[in-house]
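Open the model in your viewer and keep the selection panel at hand.

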Amino acid sequence: MFVFKAAVVGAGTMGGEIAQVIASAGIPVILKDVKQEFVDLGLSKAEEVTRGQLGALAARGRLTEEQADTQAAETLARITGTTGYEGFGDVDFVIEAVPERMEIKQAVFAELDAVTPGHAILASNTSSLAVSEMAEATNRPEKVVGFHFFYPASLMRVIEVVEGAETSPETLGATSTFAQAIRKMPIICGEEPGFVVNRILNSAVGEVWRVQEERGLSIQAIDRAVTEAKVAPMGPFFLGDLLGLDTVLHVAEHLRETLGESFYVHQGMKRLVEAGDLGAKTGRGFYEDGEPRSSGSEDFEADELAQRFVLKAFVEACLLAQEGMATVKDIDLGMMAGAGLIPPPFARADATGLDEVLAALQRAERDWGERYAPPLVLRRLVAQGRLGTKSGQGFFPYPQPDDGFDQGEAVKLETRGEVAIAWLDRPPANSISPEVIGELGRLWEHLEGAEQIRALVIASANPMLFCAGADIKAFTKMDEADARALLDECHALLRRMERSSTITIAAVNALAFGGGCELAMACDVRVAAQSATFGQPEINLGIIPGFGGTQRLPRLVGANKALEMNLTGDPISAEEAFEFGLVNRVVPDHELLDVALAWARKLAGQAPLALGQIKLVSGAGDLDEGIEAEKEAFGTIFASEDAREGISAFLGKRKATWRGR
Ligand SMILES: NC(=O)c1ccc[n+]([C@@H]2O[C@H](COP(=O)([O-])OP(=O)(O)OC[C@H]3O[C@@H](n4cnc5c(N)ncnc54)[C@H](O)[C@@H]3O)[C@@H](O)[C@H]2O)c1
């Protein structure tokens with residue numbers, strides 16, 4: 001499903017900016033509200049944001065004033081305001097952003113179902129309501145999905161894509177692709193109260209609210225302490241004023257009603273809302289003109305508050321992951337990009353040491369209550385000795401580079417028995433530069449000389465991505481001869497890997513685009529994490545894959561699907577990659593490295609000559625050439641010492657010992 005035209009229904013706080021985000025990504029969009037004055041407000045918001053963004057680019061010298069003006073005019077011309085449903089007959093994707101009331105949402109969904117084409121996806125920007133209930137108002141529940149932007153939509157990078165009871169995998173996939181097309185990062189989550197970000201943030205902030213009310217503490221001192229401890233970008237009371245206390249209260253009450261007493265509702269906030277003091281939007285909330293409107297004691301330990309916030313956020317994150325509502329990676333991504341928690345809960349716990357987090361939670365449970373009880377997933381990891389960064393594995397895997405090897409900057413070698421790991425470690429995107437190719441080549445040469453190493457796993461040191469592609473900037477700086485030489489060097493390396501009797505396994509943890517996907521395809525086996533994505537987006541830049549994407553992809557997935565991927569440039573999910581035959585296995589995110597290492601150990605234990613020949617002749621050239629090559633190889637292998645050993649071990653019911661001869 002492709003999105004050529006979108007629509008946004010409701011031009012309020014969120015709608016105007018959502019339309020702006022879509023238009024600035026080059027997609028025409030209709031913006032609808034019930035009255036022209038509301039439509040106009042949304043349109044002026046879109047104009048203000050567009051001019052602000054392009055003005056900033058001009059101020060930084062990235063655009064001339066004239067270019068900025070032209071671009072702004074083009075972006076705004078893509079937004080059409082309306083109070084009716086004209087123009088909805090050919091939309092592909094609609095985002096509903098009307099008030100947070102189910103009866104209004106259902107009425108809008110029923111209308112949308114009647115006026116949009118059958119293939120159109122109907123999405124809701126709801127913060128807390130069930131999309132499944134909205135879907136009931138339509139005849140296409142499989143095409144109804146949550147699409148939750150954060151405020152302000154033009155700035156915040158993350159979107160929660162919420163799977164309703166009947167949302168189809170195709171809808172989820174197309175919605176994630178659309179999110180990326182409008183330059184946002186989708187995180188997939190289940191239809192749970194508060195989804196991911198609001199649930200975790202509320203859980204943590206609630207602990208600070210609770211302590212403030214129980215002990216009558218100063219809100220200003222608390223806000224200062226939380227900010228200084230760097231556990232959140234701003235204090236909870238200041239943040240509440242900024243977001244609107246009515247909205248914050250609504251979410252807090254909803255979470256408490258649905259998820260229980262571990263969520264706290266601030267009574268002072270309730271009184272403020274009842275009095276109409278809603279924070280920044282009414283000029284008064286917890287603060288007025290930057291001054292707190294209540295006083296309180298400053299007698300508290302800042303460390304304790306920070307600890308409560310961090311531990312509770314972590315517990316809630318674990319519960320969400322345990323319930324299968326979102327992956328560990330998506331939860332951390334959401335908390336980073338949607339709530340500004342840096343580091344996010346799982347990465348922070350891994351860095352602290354999971355054994356220490358467990359001990360801290362045991363103390364917290366004793367001192368502060370059972371809502372701090374250590375979650376099962378944490379107890380399991382500690383029992384397995386997976387203690388985070390220090391042990392090389394916690395919620396995420398971490399490189400523990402070898403001492404004896406002259407490590408590069410961008411690729412690190414770690415050896416575990418007869419298996420080596422090449423960790424791609426080039427922030428921010430692990431993009432493939434001349435440096436990466438050189439270092440991978442050096443690492444491969446080292447392995448060729450190390451007889452005991454029979455398998456190499458290629459993994460990413462960045463939990464959020466595998467490899468975003470070739471380093472386009474580095475390529476544009478090269479002259480033609482240098483670029484050609486680099487391509488030759490890279491191809492030669494990949495072919496050497498393919499022709500070698502050392503097995504290569506790509507452990508694709510997340511996004512593998514362009515050169516990242518091609519590197520994975522040159523490996524013998526690809527194991528993908530559930531939340532990984534694959535794609536060959538070169539065509540979107542007007543270029544073609546350069547590291548073998550036009551050759552290896554059709555060999556793996558067939559000409560048909562390969563053409564589709566190379567011609568559309570659209571990403572595919574790990575599940576689709578599995579269906580297409582691009583990956584060998586899809587595993588839960590946290591099991592990825594273990595599974596890849598298990599494959600490496602299994603294949604490293606196979607007869608080396610046979611393994612090398614199978615690699616060499618599989619899929620070689622055309623079928624006749626391939627069969628000839630296979631016959632030739634079969635003869636050679638059958639006459640080898642290993643073949644005799646293998647057959648006699650089989651007959652003798654014992655384990656074979658391979659000599660590689
Ligand atoms: N405000 C936030 O911070 C925020 C953040 C994320 C998500 N959301 C969600 O986004 C949605 C919209 O929130 P908002 O803050 O923009 O609300 P808002 O009240 O500012 O805007 C809603 C708009 O919808 C219009 N509307 C009402 N009925 C309509 C109909 N039948 N057809 C077309 N337009 C109609 C209203 O006139 C109004 O302009 C809600 O579901 C909310 O939970 C809000």
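The expected span of a helix is 1.5 Å times one less than its number of residues. Helices (H or I, at least four residues) and strands (E, at least two) are DSSP runs, numbered from the N terminus. Residues are numbered from 1 along each chain as its sequence is written. This is a predicted model: local features need pLDDT of at least 70, side-chain atom pairs count only at pLDDT 80 or more, and totals for chains, interfaces and linings use all residues.

**Stop one: a helix**

Select residues 302-322, helix α12. At 1.5 Å a residue, its 21 residues should span 30 Å, and the end C-alpha atoms are 30 Å apart, so the two agree. Now step past the helix to glycine 324, which follows α12 and has a positive phi, near 75 degrees.

**Stop two: the sheet**

Next, show β11, β12, β13, β15, β17 and β20. These six strands form an open sheet in that order, with mixed pairing. The edges are β11 (411-416) and β20 (585-587); each has a single partner strand, so one side of each is left without a neighbour in the sheet. From one strand to the next, the twist averages 20 degrees. Axes here are lines fitted to C-alpha atoms, for helices over the stretch in contact, and angles run from 0 to 180 degrees between N-to-C directions.

Zoom in on β15 (residues 503-508) and β17 (residues 525-529). They run parallel and are joined by four bridges; two strands pair if DSSP finds at least two bridges between them. Pick alanine 507: opposite it, in β17, stands valine 527.

Most residues other than glycine have a negative phi, and most peptide bonds are trans. Here are some exceptions.

Select isoleucine 342 and proline 343. A cis peptide bond joins them, with omega about -5 degrees. Proline 343 sits in the loop between α13 (328-339) and α14 (345-352).

Move to the loop between β12 (419-424) and α17 (434-449), where proline 428 is found. Proline 427 and proline 428 are joined by a cis peptide bond, omega about 0 degrees. Asparagine 430 lies in the loop between β12 and α17 too. Its phi is positive, about 55 degrees, although it is not a glycine.

Is asparagine 430 buried or exposed? Asparagine 430 is buried, with 29 other C-beta atoms within 10 Å. (Buried means 20 or more other C-beta atoms within 10 Å of the residue's own, exposed 12 or fewer, partly exposed in between; C-beta atoms are placed from the backbone.)

Finish at aspartate 289, in the loop between β9 (287-288) and β10 (291-292). Aspartate 289 has a positive phi of about 50 degrees, though not a glycine. This residue is exposed, with 7 other C-beta atoms within 10 Å.
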